[in-house]
Structure formats: structure tokens, C-alpha cells
Amino acid sequence: MARRETLRSGLEGSGAREVSLTIPVASDMEIVATAQVAAMGEYIQMPHDKIDEVKLALVEACINAFEHAHTRDDRVHLTFRVGRDEEDGPDYLEVEVFDQGKGFDHSIVEVPTPEKTFSGGKKRGWGLQIIRSLMDSVAITSGEWGTRILMRKYK
Amino acid sequence: MNESCKILVERRGDVAVFWTDGYINNQGGEEIARQAYAQLETGARALVLNLEKTRIVNSIGISILIEVLEKVMDRKGVLAFCALTPTIDKTFRIMGLAQYAAIYPTQEEALRAVAAAG
């Protein structure tokens, strides 16, 4: 309980807490990044099941960047934030995934369905759908400069 | 660095029980598929996948599990999952895996169900 009281004072005193991490485009680096989600989630005492959901959303966002972005710097830039919208509101954990890749138009990405997946057709392409299903809010901006996915989950 | 999943398989009559430990990505999924197909080739009718020690299955891993499920269904067999974390359970439902494969809270329940379906 003492830790909780300390945290509340910290968040109320100076807004969001932020940690940045840059990972190379390389096998299993997405799992390395999930360790930061666990640390930040535990910092705000987020339930473990919710932390797992943020971890998977991050994994999917990283995999999309690794496979499709063709980043100019061969890296994916991550920012983890914990904060609160209002003084008495719930704490949140926010993850920003930024790549300096070729960008994409997310409005024309085909929405997958189990029926299409199980009819012997395309089984991939579920990443964005999973991210949107697991997180409370997701904002995607993309252009020639790259792609930024900002996703938030409340405690 | 190797985060790949470890897989243990035990054959019990015509049922093969798989225990996974770790992250199921493309490599983990492909290894499960390889061992699952080997079990099917040697007469296994039902596969039970116990994911108790796996906390993350990414969408590529799930897409490979769907291929395994389709092969089992083609052979009129049974595929059951058990001991899923809430997040994995949710993801299986999002991708439709839960519509075609049974999910049980425990291995004992899964084994009872596949025995009854035999």
C-alpha cells in the first residue's frame, strides 16, 4: 500500500511518466520490449491480465513494423507512458510504436474475419484487429515519414 | 538469443498431449505443427494442447495453429486447447479459433472431452 501511495503522489505531482526504448528490427526483439510493458504496468499496479493484453498488442505492432514498414534506420522506436487523464481518473499505460518506414493507408487495410481465415484463404493480417480488440484506444498516423501507433489501456 | 517455445509431447493411446513453454511465434508454431503432423501420421486421433506455460501467442503463431486445426478437421480428428491465459483465450476468440476448436479450463477436462468424442 505504501508503494501505491507513493505512486499516486508522483503521478499527481508531475503528470505522465515516460520511458523510451529503441529496438532493432530483429527476431524476438518484440519480446524484449514487452519487459518494459510489464515494468510500467506493475508500476501503476495494473492487473496482470491487462498487462498481458498490452504486451500482445505491442508484439503485434512491432511485428507489423518489422515485416511491412521497411524502416530506413532498421529500428523501431518505442515510448511507454503511464499517467492519468483527470485527477481522480484511472491510471493508464500508453505505448507509442514509431517506425521510419514507408507508411501505409490503414483505412484500406482489409478487415480479417474468421470465415475468410478458415475457408482455406488468407490466415495472416490480424495484427491491427488484435491491437484494436485488446486496447482501449488506438490512434494510427502514417505517411511517407513512417508510421506511429499510439495505443492506451486503462488500469 | 532464443525466445522460442519448448514443446513436450506425450502419446496416450490415440491422444497426443502437447505441453508448450514460452512464446509461440512463427518458429514455435511451426515446431508445434511439425510434431502435430508427426502424431497424426502415426495414428493420433486427438490432439490436446496445454498452453499453461505460454503467456503470449502472436498472430503468426495462431495462424499456424489454425493450419494444424484444419488438417485435424480434414482427418475428422479432434483438437482441444486447455489452460489458456485470459489474453490467449480472448485472442483465439478474436481470430475464430474458438469457433472450430474446443477450449477447456483444465487438461483433465480436455482429456475427458476428447475421450468422449472418440
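In chain A, strands β4 and β5 (residues 146-154) run antiparallel and are joined by 7 bridges. Across that pairing, Ser137(A) sits opposite Arg152(A) of β5(A). Keep in mind that this is a predicted model; the predictor scores the complex with an ipTM of 0.91 and a pTM of 0.90.

**The chain A sheet**
- β4(A) and β5(A) belong to an open sheet of 5 strands, ordered β1-β2-β3-β5-β4, with antiparallel pairing.
- At the edges you'll find β1 (17-24) and β4 (137-143) of chain A, each of which pairs on one side only.
- Going from one strand to the next, the twist averages 15 degrees.
- Helix α2 of chain A, covering residues 29-43, packs on this sheet and touches β1, β2 (75-84) and β3 (91-99) of chain A.
- The direction of α2(A) makes about 170 degrees with that of β1(A).

**The chain B hairpin**
- β1(B) and β2(B) make a hairpin with 2 residues between them.
- In the turn, Gly13(B) has a positive phi of about 65 degrees.
- The two strands, β1(B) and β2 (residues 15-21) of chain B, run antiparallel and are joined by 7 bridges.
- Val9(B) stands across from Phe18(B) in β2(B).
- How many of the 7 residues of β1(B) are buried? The number is 0, so this strand, residues 6-12 of chain B, lies largely in the open.

**Confidence in chain B**
- Chain B has a mean pLDDT of 94, and 97% of its residues reach 70 or more.

Key
Residues numbered from 1 in each chain as written. Chains lettered and ligands numbered in written order. Predicted model: local features only at pLDDT ≥ 70, side-chain atom pairs only at ≥ 80, totals over all residues. Pairing = 2+ DSSP bridges. Helix = DSSP H or I, 4+ residues; strand = E, 2+ residues; numbered from the N terminus. Axes fitted to C-alpha atoms, helices over the stretch in contact; angles between N-to-C directions. Contact = placed C-beta atoms within 7 Å. pLDDT = per-residue confidence, 0-100. Buried ≥ 20, exposed ≤ 12 C-beta atoms within 10 Å, placed from the backbone.
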